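Trainee: Hi, could you walk me through this one while I have it open? I'd like to start with the charged side chains.

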Amino acid sequence: MTDENRPITPEIVEEENGEEKGQLVQQTAKPDILYIVPITGRPHLPAQVQPLVVSKARWEETLVKASKESKNLLGIAYIKEVRGKYVYQKDFPEVGCVVRMMNITDVKGNIQFIAQGLERFRIRRFLSDKPPFVAQVEYFEQPKEDGSELKAYAIAIINAIKQLLSLNPLYSEEVRQYLGMFSPDQPGPLTDFAAGITTASGDDLQEILEFTSVMERMKKVMMMLQKEIEIAKLQTKIQKDINTQVDDNKRKFFLREQLKAIQKELGLQKDDKTSDVDKFKERFEQLDPPDHVKKRFDEEIEKLSVLETGSSEYGVTRNYLDWVTAYPWGVYSEDNIDIERAEKILDRDHAGLADVKERIIEFFAAGIYKKDVSGSIILFVGPPGVGKTSIGKSIAEALGRKFYRFSLGGMRDEAEIKGHRRTYVGALPGKMVQALKDTGVANPVVMLDEVDKIGMSYQGDPASALLEVLDPEQNSEFLDHYLDLRLDLSKVLFICTANQLDTIPGPLLDRMDRINLSGYITREKIEIARKHLWPKLLKRNNLTAKTITITDPTLRHLIEGYAREAGVRNLEKLLNKIIRKSIVSILKEKKEKIRVNIKSLEKYLGVPVFKNDRQISGVGVVTGLAWTSMGGATLPIETLRVHEKNPGFKLTGKLGDVMQESATIAYSYVRSNMKDFKIDETYFDQAFIHIHVPEGATPKDGPSAGVTIATAIISLATGKAIDRQLAMTGEITLTGEVLPVGGIKEKIIAARRSGIREIILPQGCMPDFKKLPEHIKEGIEFHFATKYKDVYKVVFG
């Protein structure tokens with residue numbers, strides 16, 4: 001059951017004998033036997049009048065008997081909390097309050113009544129152990145106390161209550177009138193009333209109830225009132241501060257509105273709509289747009305002028321004009337093309353890549369001759385970390401143009417390219433418009449990163465949308481869906497990057513001028529690390545070259561043992577790790593300088609990831625060369641004769657369809673030419689051969705392993721092992737032709753990293769081979785084969 005915890009005044013309490021209004025009800029005879037009902041929340045005090053609500057199902061019988069047998073007198077006892085469903089004798093306190101029940105009514109399954117507190121009682125013993133609880137009680141005898149001191153405390157309590165009522169607006173006027181019923185000559189009821197209007201806890205009020213001495217009660221209540229007064233003062237101060245701030249804001253608001261009205265009347269300020277129109281016209285006058293754009297702008301400005309500023313159409317039109325006037329119509333930056341300056345910038349930012357730099361210089365030279373660099377879309381293809389994006393930035397710097405980059409990786413909505421139509425909520429132009437707006441010119445260098453990773457969904461195909469962007473014959477009238485205007489993108493220099501060509505649609509690839517970036521060899525990586533990566537990392541960590549030093553032999557060991565990948569991204573991470581660990585040593589060991597050498601590399605980076613490749617040799621084992629999106633790689637082929645129960649072969653190593661077909665062709669070719677290769681004629685009639693390509697978790701595909709598989713089968717069948725650092729690549733046909741394959745540069749670099757000293761290539765790869773720099777080819781003996789018999793002669797003599 002609950003207590004409302006808020007005292008109410010007996011507005012008019014009328015007894016049957018016709019007592020006068022406003023007078024407290026006189027007590028009747030004090031019964032020794034009382035019915036007891038527990039309450040929670042706060043105890044009921046004498047001189048308190050407030051409504052109570054009890055459960056009808058549990059306490060109806062108690063209230064009925066109390067009304068009949070005790071003349072509406074009931075004992076109320078405070079229980080802090082009821083544990084479980086039932087109340088027991090042990091839960092009741094010793095002291096409670098006798099109340100008179102009035103206005104008993106049913107309220108939604110509960111019983112509500114007005115409880116008028118009369119006097120304290122103490123439970124001597126219970127006469128029942130379950131509801132209705134009946135107890136034999138006794139009443140307190142008032143001890144003799146100093147009347148003058150009591151009167152002084154009573155006056156202090158009355159003054160404190162008046163002060164509290166003036167501070168706290170929650171107390172009603174009736175409470176103020178009720179206070180007037182008490183006088184200093186009635187200290188007991190006054191003290192109980194004062195305790196009841198505080199926010200003290202139930203335990204504190206129960207302590208007040210149990211005090212026999214009125215003086216002790218008054219001292220305790222006085223402390224409670226002082227605490228309430230301090231809290232009320234703090235609340236008043238907080239409310240006053242808030243009201244002051246709100247009033248100040250209101251005052252400033254009204255003053256601003258008045259100022260606007262005055263300025264508008266004097267013509268010193270324009271309204272929001274006029275200000276927007278003037279701003280857009282001013283911005284548009286500084287541009288040089290074509291006629292169809294001027295016409296559309298005038299139409300939209302006229303529409304904006306008649307729309308209400310609060311309408312949704314006003315916001316749409318305003319945003320549209322904002323984009324139209326932010327687009328750099330007719331604004332171009334001047335190209336600063338100087339061949340020597342371009343060469344210096346490329347050499348400064350990039351080590352190696354001589355063929356790539358040469359191709360870029362040719363592009364610049366053509367632009368100088370025709371005085372226009374537009375009309376060409378460059379595609380950089382290569383493994384991660386070889387510098388595709390940074391070359392694009394260098395090109396922009398060499399031209400003196402603004403540079404803008406965004407990634408196409410994972411893009412699945414063509415609206416990202418061509419924009420959304422204005423009818424959609426939150427519509428925006430496409431990336432092309434945003435690029436030109438951000439750069440502020442109509443001829444920037446725009447880099448489209450990861451063009452090989454464009455997605456496709458039900459929302460459209462972004463790759464198809466790019467066709468209009470990248471086609472020089474179409475992009476002079478590119479249509480953005482949001483602006484709904486023809487844009488000239490022909491002056492933009494587009495640079496695309498990709499890791500592989502397989503996933504780029506053919507029509508899109510056909511519009512690009514492809515430049516391949518192969519991986520770096522060890523010598524180039526050392527130069528990149530020494531000239532670019534190491535100084536950059538030292539500067540980033542606020543270090544000097546004298547604080548941490550690293551030697552070229554250490555860099556070589558680092559590259560060959562920990563960073564053999566085609567690019568230099570992982571090399572940069574490892575160098576950064578060395579610097580971080582060196583800084584820890586400087587701080588812990590109080591060192592001023594640290595020298596990183598070969599011996600300390602293992603301390604910083606752990607055991608080398610790559611060992612010096614031990615050439616897998618033996619009968620039936622041959623090393624091939626493969627190309628992947630991460631660069632070139634060596635690919636050993638293993639063959640083994642399993643049994644002689646039935647002829648045939650099986651393939652393992654997660655091989656793709658093309659590679660499986662190459663193995664079948666190689667097996668058929670070798671078996672049909674056994675005499676030429678000096679193989680026993682009955683060997684394949686009985687032998688079951690197992691062909692395996694190691695690193696079985698890595699998918700492998702392509703035709704370039706044909707000659708390698710054929711050589712491995714011949715080695716197994718003849719029992720001849722290849723005992724030299726030899727690798728090969730090439731596609732084989734059923735007639736023994738060796739066809740050219742791609743990725744020659746990457747494959748030779750991979751072979752060089754692995755210590756290969758002799759390589760067999762198809763004769764058809766000679767044009768690609770001649771383009772390679774000499775430093776990549778030096779130290780390796782190359783053989784070229786037109787037919788497989790040429791390969792056989794080189795391998796087996």
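**Salt bridges and a helix pair**

Mentor: Happy to! The count comes to 39 salt bridges, a salt bridge being a side-chain nitrogen of Lys or Arg within 4 Å of a carboxyl oxygen of Asp or Glu. This is a predicted model, where local features need pLDDT of at least 70 and side-chain atom pairs count only at pLDDT 80 or more, while totals for chains, interfaces and linings use all residues. Residues are numbered from 1 along each chain as its sequence is written, and side-chain values use heavy atoms, with hydrogens and water left out.

Trainee: Okay, what does lysine 80 pair with?

Mentor: Its partner is aspartate 203, in a salt bridge of 3.3 Å from N to O. Lysine 80 sits in the loop between β4 (73-78) and β5 (95-107) and aspartate 203 in helix α5 (residues 202-210), so this pair ties together parts that are 123 residues apart in sequence. Helices (H or I, at least four residues) and strands (E, at least two) are DSSP runs, numbered from the N terminus.

Trainee: And is lysine 80 buried or exposed?

Mentor: Lysine 80 is exposed, at 59% relative accessibility, whereas aspartate 203 is partly exposed at 37%. Buried means under 20% relative accessible area, exposed over 50%, and partly exposed in between (1.4 Å probe, protein chains only).

Trainee: Which residue does arginine 724 bridge to?

Mentor: That would be glutamate 758, with the closest N and O atoms 2.8 Å apart. Arginine 724 is in the loop between α23 (706-718) and β21 (726-728) and glutamate 758 in strand β24 (residues 758-762), so the two link parts 34 residues apart in sequence. Arginine 724 is partly exposed, at 27%, but glutamate 758 is buried, at 11%. There is also a network: salt bridges with shared partners join Glu300, Lys303, Glu313 and Arg422.

Trainee: Switching topic, how do α7 and α9 pack?

Mentor: Helix α7 (residues 272-285) and helix α9 (residues 312-326) pack at about 20 degrees, with axes 9 Å apart. Axes are lines fitted to C-alpha atoms, for helices over the stretch in contact, and angles run from 0 to 180 degrees between N-to-C directions. That makes α7 roughly parallel to α9, a label for angles under 35 degrees.

Trainee: Nice, and which residues make the contact?

Mentor: Among them are Phe280 and Phe284 of α7 and Tyr314 and Leu321 of α9, where contact means heavy atoms within 4.5 Å.

Methods:
Angles under 35 degrees count as roughly parallel, over 145 as roughly antiparallel, 65 to 115 as roughly perpendicular and the rest as oblique.
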